[in-house]
Amino acid sequence: MTDPVVEWRQVARTYPGPPAVHALEPTDLTIWPGDFAAVVGPSGSGKSTLLNVLGLLNQPTAGSYRLDGVATEQLTPAQRAGVRGRRIGFVFQSFHLLNHRTVLDNVALAGTYDKTPRATRLARAAEVIDLVGLTPRLGALPSTLSGGERQRVAIARALAARPTVLLCDEPTGNLDSARSQEIIALFETMHQAGFTIVMVTHDETLAARARRRLDVLDGVVRETERVRP
Amino acid sequence: MAKDGGERWNQSSGTAGSSEPVPVAGAGRRRSLEPAVSRVSLRDQLREAIASIACRPVRSLLTITGTVLGCAAFVAILGLTDTARGQITNRFNELEATTVTVVDAAAQNNPSGQPYSFPDDVGARLRPLNGVVDAGVYFSVYATRPVLVPGQPAEAATIANRPQSDGLDRAAGASLTVWGAEGGTLAAAGAQLASGVWFDDFHLLTGQPVAVLGPAAAASLGVATVRTNPTVFVGDDSYTVIGLLSDSGALPELGNAVLLPAPLARQRYGPPLNPAHALIRTDLGAARLIARQAPYALDHSYPDNLGAIPPPDWSMVTDDVNASLNGLLLGLAAIALVIGCVAIANTTLVAVMERAGEIGLRQALGAKPVHILAQFLTESVILGALGGVLGAAVGVAAVLIGSLARQWTPVLDPWLLPLAPAVGVLVGALAGLYPAWRASRVPPAAALQRL
């Protein structure tokens with residue numbers, strides 16, 4: 001049996017306030033390699049906090065969190081940054097591309113803080129850009145791309161570091177339905193290829209395509225039955 | 001694209017088709033479970049900083065404007081000061097090297113006796129000395145205030161005997177003084193004649209009653225030309241004005257003087273009012289030697305009666321002046337640099353706020369706070385260095401243009417050229433420190449939400 005990618009035991013996150021806000025109630029959660037999980041819930045329910053804690057952007061205030069077998073609560077800030085860079089890929093709703101850098105440079109940014117040689121990063125970047133179908137736009141600036149293309153660049157950047165898990169925050173939130181379908185298809189392809197994906201979304205269409213569904217309400221996470229085998 | 005890319009994806013991961021929980025994409029190169037500390041190469045750090053600067057050229061240029069101006073002011077001030085100092089020093093050196101003054105020391109030590117230690121032929125004795133260009137004695141005498149009488153000497157004499165109520169402007173000469181001088185005095189002092197002639201040997205040796213007026217004296221008496229043979233009266237003695245000075249050169253005290261031939265002045269009005277002086281103009285570099293020889297040439301029996309004043313040492317004076325001037329001007333340059341520093345700090349601080357999303361992204365990609373700090377600090381230092389280089393170029397151009405405009409020889413300390421960029425780097429580092437620190441303190445989750 002393969003070890004889980006994410007293993008939470010009573011992980012909680014409270015913002016001190018006053019008043020203190022329990023953004024994430026104590027939660028047990030296991031994400032297995034190859035999982036495709038959709039995190040669904042209304043605004044302010046704690047979805048982003050869940051994703052930030054998963055991505056080591058926020059530290060849990062209680063519980064234990066093992067990522068890829070590493071007990072993260074014992075890591076120094078520098079080690080947390082290192083784990084983020086090497087094991088987690090982020091895809092954001094607003095893409096977070098550097099607008100003055102080319103598609104290739106944006107994607108090759110992944111691995112910069114891993115001391116991966118630039119030549120290696122460029123080769124990997126070209127490879128993943130090809131996978132998301134943007135090779136013809138290799139030298140283009142993000143401002144010349146459509147929303148769907150920008151998101152694909154962001155996905156390529158997340159993949160370029162060869163992460164253990166992909167964390168996506170509303171990846172279709174800024175796209176029209178046609179572009180959303182493209183991105184959803186891309187995620188399905190990635191899932192079929194074995195990527196582990198955890199995705200926060202309002203998009204029920206996208207959530208329905210995920211293998212697992214995690215509903216979040218008032219900081220409480222409940223897992224629905226696996227919607228698809 | 002993606003739909004038909006499944007095979008390629010599978011090849012990439014090598015894990016497709018598994019019914020078991022699917023290994024992650026990175027499983028093929030399953031890394032150590034030990035957490036890796038984030039790190040970045042210096043080359044990548046520099047590349048990222050340069051790329052960030054290059055992608056905002058206008059903003060970068062505006063940001064470094066303050067530093068450019070500060071460094072340019074720094075270089076220009078020091079360069080122009082050095083250049084001006086060179087000019088001043090040249091002038092001082094010229095004076096230092098070519099002027100010797102001999103004073104009647106016996107008269108100085110015994111003012112009541114008022115002796116006169118100079119011979120009657122000061123110029124004739126000094127000119128044969130190797131290195132002397134011109135020389136002459138000068139002294140003031142006690143005499144009745146001079147009065148101008150227009151017309152011929154004969155007529156003047158008649159008028160002079162009239163009572164005080166004759167309508168002549170006697171008050172005009174109230175501030176004038178009467179001096180005795182020699183033929184070489186004028187040339188030694190570098191004085192210039194506006195019209196007429198200076199005393200020659202004939203005037204001196206035969207005691208001709210002639211006078212030369214200093215520029216202020218001529219103006220005071222209303223004498224504009226010697227063609228009408230104007231006459232001045234000193235007491236009962238009439239003198240025909242044969243020359244008018246336009247510039248009294250190194251002897252400004254002669255400006256309001258009525259100058260008479262030295263032997264005649266002494267004969268008619270007694271010993272000098274104050275100790276007499278001789279002025280010697282020498283060739284360049286001969287002054288100190290002439291200062292030693294002159295007392296012996298003038299009175300070999302009693303050379304101690306005459307004291308040669310050695311040329312003044314201007315170097316200390318100029319050093320003091322330069323130090324004060326440099327301090328003041330460098331203070332101004334420092335203010336300009338502080339302004340440049342504040343400009344970079346301000347712009348970088350704004351950039352930190354604007355680039356919060358980028359900061360969050362870099363942190364999500366594994367950047368530690370120190371990497372963010374280094375990124376912004378490096379950008380700031382590069383901007384400072386650019387400002388320093390441009391400022392040095394502008395400063396050098398200013399020195400060259402300023403020197404050309406005044407036909408000076410530009411003087412620039414070569415150390416200024418590397419120093420200006422170094423100052424720029426320092427300014428950039430100081431200016432970037434606080435904004436970079438602020439950037440490094442932005443929590444990643446908060447930074448990512450700001451865009």
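**A guided tour of the predicted model**

Begin by selecting residues 369-406 and 416-440 of chain B: these are helices H14 and H15, which pack at an angle of about 150 degrees with their axes 6 Å apart. Helices here are DSSP runs of H or I with at least four residues, numbered from the N terminus; axes are lines fitted to C-alpha atoms over the stretch in contact, and angles run from 0 to 180 degrees between N-to-C directions. The angle makes H14(B) roughly antiparallel to H15(B), a term that applies over 145 degrees. The crossing of H14(B) past H15(B) is right-handed, meaning that the near helix is turned clockwise from the far one by less than a right angle. In their contact there are 25 nonpolar residues, 10 polar and no charged. Ala, Val, Leu, Ile, Met, Phe, Trp, Tyr, Cys and Pro count as nonpolar, Asp, Glu, Lys and Arg as charged, and the others, Gly among them, as polar.

This is a predicted model, in which local features need pLDDT of at least 70 and side-chain atom pairs count only at pLDDT 80 or more, while totals for chains, interfaces and linings use all residues. Residues are numbered from 1 along each chain as its sequence is written, and chains are lettered from A and ligands numbered from 1 in the order in which they are written.

Next, select A:Val39, A:Val107, A:Ala156 and B:Phe74, the residues with the most contacts inside the largest nonpolar core, which has 127 residues. Such a core is a set of buried Ala, Val, Leu, Ile, Met, Phe, Trp, Tyr and Cys residues joined through C-beta atoms within 7 Å; buried means that 20 or more other C-beta atoms, placed from the backbone, lie within 10 Å of the residue's own. H14(B) gives the most to this core, with 13 residues. A second, separate core of 64 residues includes B:Ala106, B:Leu213, B:Val241 and B:Leu306.

Move to chain A and select helices H4 (residues 118-131) and H5 (residues 147-160), whose axes come within 9 Å and cross at roughly 130 degrees. H4(A) and H5(A) are therefore oblique to each other. On the H4(A) side, A:Arg124, A:Ala125, A:Val128 and A:Ile129 meet A:Ala156, A:Leu159 and A:Ala160 of H5(A); contact requires C-beta atoms, placed from the backbone, within 7 Å.

Finally, select B:Gly123, found in helix H5 (residues 122-126) of chain B. B:Gly123 counts as buried because 22 C-beta neighbours lie inside 10 Å. B:Leu298 is 175 residues away from B:Gly123 in sequence, yet 9.3 Å apart in space, C-alpha to C-alpha.

How values were computed: Helices (H or I, at least four residues) and strands (E, at least two) are DSSP runs, numbered from the N terminus. A residue is buried if 20 or more other C-beta atoms lie within 10 Å of its own, exposed if 12 or fewer, and partly exposed in between; C-beta atoms are placed from the backbone. Angles under 35 degrees count as roughly parallel, over 145 as roughly antiparallel, 65 to 115 as roughly perpendicular and the rest as oblique. Two residues are in contact if their C-beta atoms, placed from the backbone, lie within 7 Å.
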